[in-house]
Amino acid sequence: MLDIRDDFRRSPLQHGSLGRQFSNVPGLRGPLIDFLRNGADQTRHWTDPEAEYASLSDAERRRLDTWSLAWAALAACFPQDPVVHDVFIDAERADPDHGMALVLFIGRFRSDAADEIYVAALDGDPGIAVVAAKGLALSGSDAALAALLKDLDRRDAALVTVVQAITTFGDRARPHVDSLIELGEELDDHVADEDEPFALHSYHKRSIAETIAGFSAGLGTLDDG
């Protein structure tokens with residue numbers, strides 16, 4: 001996951017082999033969609049992912065890995081495709097999964113339905129919350145901004161991306177700059193739990209402070225102009 005300021009506009013999978021114009025290959029989209037739909041039995045709700053994955057046979061692992069990666073491949077090969085968008089939304093409604101936020105973000109999908117999935121994923125683990133925050137920044141909707149602002153009370157590593165995402169709204173986030181400044185001041189007194197792998201550490205706080213300072217300074221420059 002690259003810095004949101006460089007990455008949220010462009011899919012990290014749209015490079016190398018996946019950067020080719022696969023969307024122009026006749027008849028590719030349909031078989032990929034059928035492959036995903038026909039593999040619905042591959043959907044798994046893990047309780048102990050590491051142990052359960054280790055218990056699978058080599059053939060089962062290959063089927064599961066191929067089916068799982070196909071979602072990202074479809075999104076990367078057909079970004080912003082309305083048919084692909086509906087396939088993802090229908091799949092999410094049939095079997096809600098925070099992982100769909102990543103797939104939608106890879107495909108750069110923007111819609112009210114995608115916003116709902118991004119917002120729900122903010123409650124997921126920090127890794128998924130980072131993707132969700134980037135998706136909401138990409139969306140740029142009023143609902144997206146409101147959800148990000150509500151998430152400022154989190155105190156894990158995803159807070160860095162949440163703050164960065166808010167600043168992408170530019171002048172629309174101006175009414176909340178005081179809240180961001182207060183957050184930066186509050187974090188000076190925040191003590192991280194060193195035993196928590198996703199805890200908010202000093203380098204996270206420094207990144208947040210720099211983002212807020214740069215954002216508030218930029219708004220001042222706009223006022224001067």
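R172 counts as partly exposed, because its relative accessibility is 39%. Its side chain meets that of D142 in a salt bridge, with 2.9 Å from N to O. R172 sits in the loop between α10 and α11 (177-187) while D142 belongs to helix α9, so this pair ties together parts that are 30 residues apart in sequence. Keep in mind as you explore that this is a predicted model.

**The overall picture**

- Of the 225 residues in the protein, 42% are buried.
- Among contacts with a separation of 6 or more, 67% are between residues 24 or more positions apart.
- The accessible surface of the protein is about 12200 Å², and carbon and sulfur atoms account for 51% of that surface.

**Salt bridges**

- How many salt bridges does the structure hold? There are six salt bridges, including the pair of R172 and D142 that opened this briefing.
- D142 is exposed, because its relative accessible area is 60% and the cut-off for exposed is over 50%.
- R174 and D171 also join their side chains in a salt bridge, at 2.7 Å from N to O.
- Another salt bridge brings together the side chains of R154 and D151, at 2.6 Å from N to O.
- Are R154 and D151 buried or exposed? R154 and D151 are both buried.
- D151 and R154 also belong to a network of salt bridges that links them with D156.

**How α7 packs against α8**

- A pair of packed helices is described by the angle between the two axes and the distance between them.
- Helix α7 (residues 112-121) and helix α8 (residues 126-139) pack at about 145 degrees, and their axes are 8 Å apart.
- The crossing of α7 past α8 is left-handed.
- On the α7 side, the contact is made by D115, Y118, V119 and A121, and on the α8 side by I128, A129, A132, G135, L136 and S139.
- Sorted by class, this contact has seven nonpolar, two polar and one charged residues.

**How α4 packs against α5**

- Helix α4 (residues 58-77) and α5 cross at roughly 145 degrees, and their axes come within 10 Å.
- Here too, α4 passes α5 in a left-handed crossing.
- Which residues make this contact? W71, L74 and A75 come from α4, and V84, F88 and A91 come from α5.
- By class, the contact has six nonpolar residues, with no polar and no charged ones.

- In α7, the buried residues are A113, A114, D115, I117, Y118 and A121.
- D115, Y118 and A121 are also among the α7 residues in contact with α8.
- The cover over the buried residues of α7 includes α5 (82-94), α6 (100-106), α8 and α9 (142-150).
- In α9, the buried residues are A144, L145, A147, L148 and L149.
- What covers the buried residues of α9? The cover includes α7, α8 and α10 (159-167).
- An α-helix has 3.6 residues a turn, so residues three or four places apart point the same way.

Key
Residues are numbered from 1 along each chain as its sequence is written. This is a predicted model: local features need pLDDT of at least 70, side-chain atom pairs count only at pLDDT 80 or more; totals for chains, interfaces and linings use all residues. Side-chain values use heavy atoms; hydrogens and water are left out. Axes are lines fitted to C-alpha atoms, for helices over the stretch in contact, and angles run from 0 to 180 degrees between N-to-C directions. Helices (H or I, at least four residues) and strands (E, at least two) are DSSP runs, numbered from the N terminus. A crossing is left-handed if the near helix is turned anticlockwise from the far one by less than a right angle, and right-handed if clockwise. Contact means heavy atoms within 4.5 Å. Ala, Val, Leu, Ile, Met, Phe, Trp, Tyr, Cys and Pro count as nonpolar, Asp, Glu, Lys and Arg as charged, and the others, Gly among them, as polar. Buried means under 20% relative accessible area, exposed over 50%, partly exposed in between (1.4 Å probe, protein chains only). Accessible areas come from the Shrake-Rupley method with a 1.4 Å probe; for residues, only the protein chains shown count as cover. A salt bridge is a side-chain nitrogen of Lys or Arg within 4 Å of a carboxyl oxygen of Asp or Glu.
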